[in-house]
Amino acid sequence: AGPAWVAGAEARLAASPAWQATPEQRRIAWYWRGLLALAAGDAGRAEVFLHRAVAPGDGPVPRALAGAVQAGEGWVRLAAGDTAGALARLEAGLRAAGYGDQTLSRLVRPTAILHVRLLARRPERRREAIDRLRAITD
């Protein structure tokens, strides 16, 4: 997706009443805005949005969302050049997200794909990358 698409998608999320209807929807919108900021190359803004997704004061944070945000923070670390830290954070977040509700589990799909790409870069973990890729696409 190009910069114009990312900017448009973020604007739609920010303005959509559907994404503001409940505390959970607001939290999920902040998460997606964080991933969109990462896609636009703005790790600083992404980090702010991801933290906002799990900030206290707007109702409970669903477990899958908390894990997705943690995995998203791994992507922020990758953008900062910390591949080892990124991989550790991605793995912890994906484990924390678990395999619950289908809607919420879709939140981790972008970070799960990034995780597979990082694993594939390491010769000793390529088999694991292949297995995880199969799991994502099934």
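A helix here is a DSSP run (H or I) of at least four residues, and helices are numbered from the N terminus. All the close-ups below show a predicted model.

**Figure 1. Helices H1 and H2, side by side.** Let's start with H1, residues 3–15, and H2, residues 23–39. Their axes come within 10 Å and cross at roughly 165 degrees. An angle over 145 degrees counts as roughly antiparallel, so H1 and H2 are roughly antiparallel to each other. The crossing of H1 past H2 is left-handed. On the H1 side, the contact is made by Trp 5, Val 6, Ala 9, Glu 10, Leu 13 and Ala 14. Their partners on H2 are Ala 29, Trp 32, Arg 33, Leu 36 and Ala 39. Sorted by class, the residues of this contact are nine nonpolar and two charged, with no polar ones.

**Figure 2. Helices H2 and H3 in contact.** The axes of H2 and H3 come within 7 Å, with a crossing angle of roughly 165 degrees. That angle makes H2 roughly antiparallel to H3. H2 passes H3 in a left-handed crossing. From H2, look for Arg 27, Trp 30, Tyr 31, Arg 33, Gly 34, Ala 37 and Leu 38. From H3, the contact is made by Ala 43, Arg 45, Ala 46, Phe 49, Leu 50, Arg 52 and Ala 53. By class, nine residues of the contact are nonpolar, one is polar and four are charged.

Figure 3. Which residues of H3 are buried? Along this helix, residues 43–53, Ala 46, Phe 49, Leu 50 and Ala 53 are buried. What do the buried residues of H3 pack against? They pack against H1, H2 and H4.

**Figure 4. Helices H3 and H4 meet.** The axes of H3 and H4 come within 10 Å and cross at roughly 165 degrees. H3 and H4 are therefore roughly antiparallel to each other. The crossing of H3 past H4 is left-handed. H3 brings Ala 43, Ala 46, Glu 47, Leu 50, His 51 and Ala 53 to the meeting. H4 answers with Leu 65, Val 69, Gly 72, Glu 73, Val 76 and Ala 79. The contact of H3 with H4 holds eight nonpolar, two polar and two charged residues.

Figure 5. Is Glu 47 exposed, partly exposed or buried? Glu 47 counts as partly exposed, because its relative accessibility is 38%. Its C-alpha atom is separated by 9.6 Å from that of Tyr 31, 16 residues away along the chain. Now turn to Arg 52, which touches Arg 27 and Trp 30, not counting residues up to four places away in sequence. Arg 52 and Tyr 31 are 21 residues apart in sequence, and their C-alpha atoms are 7.9 Å apart in space.

**Figure 6. Ala 68, a buried residue of helix H4.** H4 spans residues 63–79, and Ala 68 is found within this helix. Ala 68 counts as buried because its relative accessibility is 0%, and the cut-off for buried is under 20%. What is Ala 68 in contact with, leaving aside its neighbours within four places in sequence? The residues are Tyr 31, Gly 93, Ala 97, Leu 107 and Val 108. For a sense of distance, Ala 68 and Thr 83 are 15 residues apart in sequence and 18 Å apart from C-alpha to C-alpha.

**Figure 7. Thr 111, a buried residue of helix H7.** Thr 111 sits in H7, residues 109–120. With a relative accessible area of 0%, Thr 111 is buried. Neighbours within four places in sequence aside, Thr 111 is in contact with Tyr 31, Ala 71, Gly 72, Trp 75, Leu 90 and Leu 94.

**Figure 8. Arg 134, an exposed residue of helix H8.** Our last stop is H8, residues 126–137, where Arg 134 is found. Arg 134 is exposed because its relative accessible area is 52%, and exposed means over 50%. Arg 134 and Gln 20 are 114 residues apart along the chain, with 34 Å between their C-alpha atoms.

Notes: Residues are numbered from 1 along each chain as its sequence is written. This is a predicted model: local features need pLDDT of at least 70, side-chain atom pairs count only at pLDDT 80 or more; totals for chains, interfaces and linings use all residues. Side-chain values use heavy atoms; hydrogens and water are left out. Axes are lines fitted to C-alpha atoms, for helices over the stretch in contact, and angles run from 0 to 180 degrees between N-to-C directions. Helices (H or I, at least four residues) and strands (E, at least two) are DSSP runs, numbered from the N terminus. Angles under 35 degrees count as roughly parallel, over 145 as roughly antiparallel, 65 to 115 as roughly perpendicular and the rest as oblique. A crossing is left-handed if the near helix is turned anticlockwise from the far one by less than a right angle, and right-handed if clockwise. Contact means heavy atoms within 4.5 Å. Ala, Val, Leu, Ile, Met, Phe, Trp, Tyr, Cys and Pro count as nonpolar, Asp, Glu, Lys and Arg as charged, and the others, Gly among them, as polar. Buried means under 20% relative accessible area, exposed over 50%, partly exposed in between (1.4 Å probe, protein chains only).
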